[in-house]
Amino acid sequence: MHDLRGHRAYADGAFRWAAAGAAALVLLILGLIFITITSRSLPVFHQMGLGFFTTSRWSPADALFGALAFIWGTAFTALIALAIAVPVSLGMALFMTQVAPPAIKKPLVYLTDLLAGVPSVVFGLWGVLVLSQHFGLGRSFLTAGVILAIMIIPIITSLSREVIETTPPGDKEGALALGATRWEMIGAAVLPHSAGGLVGAVMLGLGRAMGETIAAALVIGSALGQITLSPLAPGNSMPAVIANEWGEADALHKSALIALAVTLFVITIIVNLAATAIVQRSMRKGQGS
Amino acid sequence: MTGLMIASVVLVALPLIAVVSAIFGRGVTVAFQNFPDFFIKEIPSVARRAGPGMGPAILGTLLVTGAATLIAVPLGVLGAVYLHEYGRGNRFSRLVRFMATVMTGVPSIVMGLFIYVLWTLHFGYSAFGGSLALACLMLPVVIGATEQMLKLVPHHLREASYALGTSKSRTILTVVLPAALPGIVSGSLLAVARAAGETAPLLFAVGAATEYNPHLFEEANTALSIQIFGNATSSFVAAQDRAWGAALTLVLLTFVITLVARIFTARIARRR
């Protein structure tokens with residue numbers, strides 16, 4: 001009997017440790033990503049120093065790698081995407097939570113889920129062969145921004161919806177009881193309560209837009225060294241450069257592309273850390289009240 | 001104001017309708033001409049040559065995604081079991097839960113380069129390298145979905161099992177996980193559907209073969225997404241046609257997976 005219990009306790013402990021190990025895998029992978037890709041990016045920093053971030057001449061043939069224009073392009077396309085996606089997502093989320101009866105709400109959830117389920121390469125294909133050719137946008141920052149906007153609308157919408165739904169019903173009823181219209185109620189009760197979480201949702205969308213690769217690579221135009229405010233100019237973004245140039249890259253060029261990935265990783269991790277913290281705090285606040 | 005909201009709904013629906021109708025409009029004739037040629041023939045090695053063939057890419061997508069599922073789902077479920085059944089509320093599990101959410105935001109191309117450095121650089125192109133990259137992308141999604149489902153398992157089930165003298169690990173394996181199974185299956189399938197459409201993580205690990213390669217660990221392989229990406233910017237109409245056909249195939253594939261997931265979700269809803 002004693003033996004049996006000993007064996008069982010052993011199996012129990014082993015299972016617990018296996019489960020803890022699987023959970024720890026998340027931290028291990030994140031750590032390994034940073035270490036492995038950073039180590040492979042060192043040759044280009046050896047060559048360029050901080051000039052990698054501060055210059056915009058990108059000429060693999062001359063071993064010159066200045067990524068500033070790509071960093072700009074990543075930010076510019078992501079901002080265009082947000083400018084389109086945020087009002088649409090917010091309108092959609094408010095419609096689903098405050099106006100739509102359940103019979104309409106459910107198909108709308110399906111609609112955003114379907115949109116989220118379309119692979120990014122399919123959006124890219126549509127963007128390059130239909131949107132850029134038949135709508136006069138060409139391959140440009142704007143085309144990339146539009147495609148990215150379509151791709152991040154589902155995530156911003158669904159997160160905003162969750163945040164808005166944590167508004168205490170008492171606050172809403174109180175506003176309505178004081179004679180507020182639906183719009184005044186949204187402005188007085190829903191938005192102030194959800195503001196933090198909505199900012200977080202938008203930041204998560206920003207993170208996705210910056211890291212989205214394939215669709216951007218297909219429609220952005222692959223122009224080198226352009227730092228411009230013109231949305232119709234062809235440009236480039238960090239992930240697009242990596243995807244488009246990898247095939248022909250020699251060792252130092254590959255190292256430069258990996259350095260772009262490191263830059264992208266660090267930026268998106270910071271944005272995601274902040275966004276996740278904001279969203280989680282806002283959700284807890286909602287549950288507490 | 002309500003008008004503005006309805007406008008936003010239209011703005012969401014419009015691109016979806018446009019994309020889907022383009023895929024069907026251009027893809028159906030390509031994919032279903034001389035059925036089933038498109039789904040079984042090999043890919044023409046010269047891009048400008050007209051004619052079917054996405055067979056190797058379909059096999060590659062199934063191979064890469066299938067192996068990724070076999071890696072990510074058991075590990076993700078196990079990790080979620082720790083977070084919810086063992087470490088609830090402790091600092092380590094709070095950290096893991098937080099970082100798992102952050103990990104879902106790691107750009108897929110970064111994951112691809114990570115696996116390139118870790119695996120492809122040493123072992124060369126193979127379907128398995130792509131599986132590793134997809135598994136890394138799926139892991140936090142499976143953890144999150146499974147934990148949500150474990151939360152729904154009523155506590156009295158666990159207590160009844162303990163009262164019978166069952167150990168904690170046995171309780172989890174024979175009571176808790178079976179009770180949560182439909183939800184775990186549906187959450188995992190949604191992760192699989194997303195992974196099947198990924199391109200960026202496969203570019204550096206899988207290669208772009210044009211012939212069938214049934215081997216998981218050897219030689220360059222290909223996938224539908226890689227073929228779409230490669231053919232989309234081609235100036236040859238024949239290649240563009242194949243891209244539309246491959247896009248239709250990929251969308252149908254992910255649609256079927258999502259549909260199966262929905263059926264499982266409906267089953268949980270009915271049970272409760």
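A residue is partly exposed when its count of other C-beta atoms within 10 Å falls between the buried mark, 20 or more, and the exposed mark, 12 or fewer. A63(A) has 13 C-beta neighbours inside 10 Å, so A63(A) counts as partly exposed. The model is predicted.

A63(A) sits in the loop between β1 (58–59) and β2 (64–65) of chain A. Its phi is near 55°, a positive value in a residue other than glycine. E219(B) also has a positive phi, near 65°, and is not glycine. That residue belongs to the loop between α9 (200–203) and α10 (224–232) of chain B. E219(B) is partly exposed because 13 other C-beta atoms lie within 10 Å.

Chain B also holds a cis peptide bond. The bond runs from F35(B) to P36(B), with omega near 5°. P36(B) is found in the loop between α1 and α2 (37–40) of chain B. Why single out such residues? Because most residues other than glycine have a negative phi, and most peptide bonds are trans.

| Site | Backbone angle |
|---|---|
| A63(A) | phi near 55° |
| E219(B) | phi near 65° |
| F35(B) to P36(B) | omega near 5° |

**Chain A as a whole**

Chain A contains 11 helices and two strands. Their order along the sequence is α-α-β-β-α-α-α-α-α-α-α-α-α. The C-alpha trace of chain A spans about 75 × 70 × 35 Å along its principal axes. Chain A has 289 residues, and 49% of them count as buried. Now take contacts in chain A between residues at least 6 apart in sequence. Of these, 75% join residues at least 24 apart.

**A helix pair in chain B**

How do helix α3 (residues 55–86) and helix α8 (residues 168–196) of chain B cross? Their axes come within 10 Å and cross at roughly 140°. The crossing of α3(B) past α8(B) is right-handed.

From α3(B), the contact draws on T61(B), T65(B), A68(B), T69(B), V73(B), V77(B), V81(B) and E85(B). From α8(B) come I172(B), V176(B), I184(B), S188(B), V192(B), A195(B) and A196(B). By class, the contact has 10 nonpolar, four polar and one charged residues.

Q148(B) lies in helix α6 (residues 127–152) of chain B. Is Q148(B) buried or partly exposed? Q148(B) counts as partly exposed, because 15 C-beta neighbours lie inside 10 Å.

**Where the chains meet**

The contact between the chains takes 63 residues from chain B and 66 residues from chain A. Which element gives the largest share of the side of chain B that touches chain A? Helix α1 (residues 2–32) of chain B does, with 13 residues. By class, the chain B side divides into 46 nonpolar, 16 polar and one charged. These figures are residue counts. The size of an interface is often given in another way, as the accessible area lost when the parts come together.

Note on methods
Residues are numbered from 1 along each chain as its sequence is written. Chains are lettered from A and ligands numbered from 1 in the order in which they are written. This is a predicted model: local features need pLDDT of at least 70, side-chain atom pairs count only at pLDDT 80 or more; totals for chains, interfaces and linings use all residues. Helices (H or I, at least four residues) and strands (E, at least two) are DSSP runs, numbered from the N terminus. Two residues are in contact if their C-beta atoms, placed from the backbone, lie within 7 Å. Ala, Val, Leu, Ile, Met, Phe, Trp, Tyr, Cys and Pro count as nonpolar, Asp, Glu, Lys and Arg as charged, and the others, Gly among them, as polar. Axes are lines fitted to C-alpha atoms, for helices over the stretch in contact, and angles run from 0 to 180 degrees between N-to-C directions. A crossing is left-handed if the near helix is turned anticlockwise from the far one by less than a right angle, and right-handed if clockwise.
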